[in-house]
Amino acid sequence: ESLVAGVDPAHPLTGVIHAAGVLDDAMFPSQDAQRLARVWEAKAAAAAHLHAATRELRLGMFVLFSSFASALGTPGQANYAAANAFCDALAAHRRAVGLPGLSVAWGLWADASGLTARLDAADHARIGRLGIKANSAEQGLTMLDAACAHGQPQLLALRLDRRALAGQPIEGLPTPLRALAAAGAGTPRRAAAAAHASADLAGQLRGLPASEQHRTLLGLVRTHAATVLGHADSGTVRPDTSFKELGFDSLTAVELRNRLAAATGLRLPAALVFDHPEPTALARHLIDQLDLGGAPPTAGDAGGPLFAELARLEGALTGAAVAGLDAGAVTARLETLLAKWKARSAPVEEETAADMLHTASADELVNFIDNELGLS
């Protein structure tokens with residue numbers, strides 16, 4: 001208040017922009033009064049003081065810099081989200097009593113600041129998976145002008161890449177973004193395919209030898225771990241290296257848990273990565289949780305290699321790799337393969353499928369699939 005009172009009357013105060021803020025991130029069980037107070041004081045308490053000190057003045061603007069954390073939620077920032085939500089509410093309150101008020105919830109700025117300088121590649125990758133692209137200072141100023149002219153007390157100001165957003169699993173997105181992701185081109189088909197894949201994962205794995213089950217789930221873990229860490233190649237995630245050494249913290253651990261839960265359909269605990277600290281151990285745990293049941297075919301079983309190839313084919317047909325192919329051509333090829341299989345394998349007595357397996361070797365069946373569909 002003394003600062004406002006000390007403004008020279010010859011140059012009166014005509015506007016306020018509150019852009020201060022600090023971070024003290026932690027997962028919710030570790031949030032405490034001290035963390036909340038530190039973040040709240042710089043963002044919310046300062047906004048309240050500015051409101052009280054200027055509410056009798058004739059201001060042309062009263063702008064609060066908020067964050068998309070208040071609208072979308074961000075992992076580990078419950079205290080920061082709450083403080084920014086207070087700013088959003090304060091702007092609405094000021095407008096309701098006839099005072100100027102605008103809260104702009106910003107996305108990511110390209111220029112590093114005291115808040116964003118600490119972000120690493122994994123953090124940027126995580127924000128990018130929300131479809132949020134960094135805006136330049138020039139773009140930010142343009143958005144600020146547009147927000148001031150818009151007329152509403154609370155606005156989101158961020159660059160949103162709907163294509164990147166649409167490529168994410170719907171269930172892993174913040175609720176406000178799900179409708180936007182679902183509206184993206186082709187997203188309903190991808191979401192349906194992803195849902196089918198997670199629902200049928202256990203069924204696919206039951207047809208594989210134990211070693212192949214582990215290899216498949218280890219690949220799943222490594223792929224999602226690489227994505228969470230911002231790597232394009234799953235080879236950067238070594239099977240026997242601890243997640244901690246790979247660079248995982250509490251935030252990335254929870255995201256990996258969420259992605260694996262969506263991929264497998266399992267309910268997985270938040271401490272999953274810390275309870276099973278290497279990709280190999282985590283893959284073994286997922287096998288146990290999927291409850292595959294029974295003894296899977298071994299490499300020596302006659303039908304094992306065949307079922308492995310069929311599972312590989314099924315996985316290819318439900319994967320994203322076939323999204324751009326001609327569905328009619330694929331269907332015709334499969335129907336031709338099935339017709340040849342029946343003609344080649346069915347004796348005059350109309351043998352059952354089980355009988356057919358006994359009359360052909362596994363190598364013959366695997367080679368037949370490879371030759372007809374070009375899988376080798």
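Residues are called buried under 20% relative accessible area, exposed over 50% and partly exposed in between, computed with a 1.4 Å probe on protein chains only. The structure shown is a predicted model, in which local features need pLDDT of at least 70 and side-chain atom pairs count only at pLDDT 80 or more, while totals for chains, interfaces and linings use all residues. Residues are numbered from 1 along each chain as its sequence is written, and side-chain values use heavy atoms, with hydrogens and water left out.

**Figure 1. Overview of the protein chain.** The protein chain has 18 helices and six strands. Helices (H or I, at least four residues) and strands (E, at least two) are DSSP runs, numbered from the N terminus. Of the 376 residues in the protein chain, 39% are buried. Contact means heavy atoms within 4.5 Å; among contacts in the protein chain with a separation of 6 or more, 70% involve residues 24 or more positions apart.

Figure 2. Helix H6 covers residues 137-150. The expected span of a helix is 1.5 Å times one less than its number of residues; for the 14 residues of H6 this gives 20 Å, in agreement with the 20 Å between its end C-alpha atoms. Gly140, Met143, Leu144 and Ala147 are the buried residues of H6. Seen down the axis of H6, these buried residues fall within an arc of 105°, so they line one face of the helix. The arc is taken from the directions from the helix axis to the C-beta atoms. Exposed residues Glu138, Leu141, Asp145 and Ala149 are carried by the face of H6 turned away from its buried side. The cover over the buried residues of H6 includes strand E2 (61-67), strand E3 (102-106) and strand E5 (154-157). Just after H6, glycine 151 takes a positive phi of about 110°.

**Figure 3. Strand E5 and its pairing with E3.** Two strands pair if DSSP finds at least two bridges between them. E3 and E5 pair in the parallel sense, over four bridges, and tryptophan 106 stands opposite alanine 157 in E5. Glutamine 154 is partly exposed, at 41% relative accessibility. Not counting residues up to four places away in sequence, glutamine 154 touches Asp88 and Ser103. The C-alpha atoms of glutamine 154 and leucine 64 are separated by 9.4 Å, although these residues lie 90 residues apart along the chain.

**Figure 4. Strand E2 and its partner E1.** Six of the seven residues of E2 are buried, so this strand is largely enclosed by the rest of the structure. Strand E1 (residues 15-18) runs parallel to E2 and is joined to it by four bridges. Leucine 64 in E2 is the bridge partner of histidine 18.

**Figure 5. The largest nonpolar core.** A nonpolar core is a set of buried Ala, Val, Leu, Ile, Met, Phe, Trp, Tyr and Cys residues joined through side-chain atoms within 4.5 Å. The largest such core has 29 residues, of which Leu217, Phe243, Phe248, Leu256, Leu260, Leu286 and Leu290 touch the most other members. Two or more residues each come from helix H9 (187-206), helix H10 (210-229), helix H11 (243-246), helix H12 (250-264), helix H13 (272-275) and helix H14 (279-290). H10 gives the most to this core, with seven residues. Leucine 256 touches Val221, His224, Ala225, Val228, Phe243, Phe248 and Val273, not counting residues up to four places away in sequence. A second, separate core of 12 residues includes Leu108, Leu119, Ile132 and Ile170.

Figure 6. H12 is mostly covered, with 12 of its 15 residues buried; among them are Glu255, Leu256, Arg259 and Leu260. Glycine 265, which follows H12, has a positive phi near 80°. Arginine 129, found in helix H5 (residues 121-129), is buried, with a relative accessible area of 10%. Among the residues that arginine 129 touches, not counting those up to four places away in sequence, are Thr227, Val228, Glu255 and Arg259.

Figure 7. Cysteine 87 is buried at 0% relative accessibility, whereas cysteine 148 is partly exposed, with a relative accessible area of 39%. With a disulfide taken as a pair of cysteine sulfur atoms within 2.5 Å, the count comes to zero disulfides.
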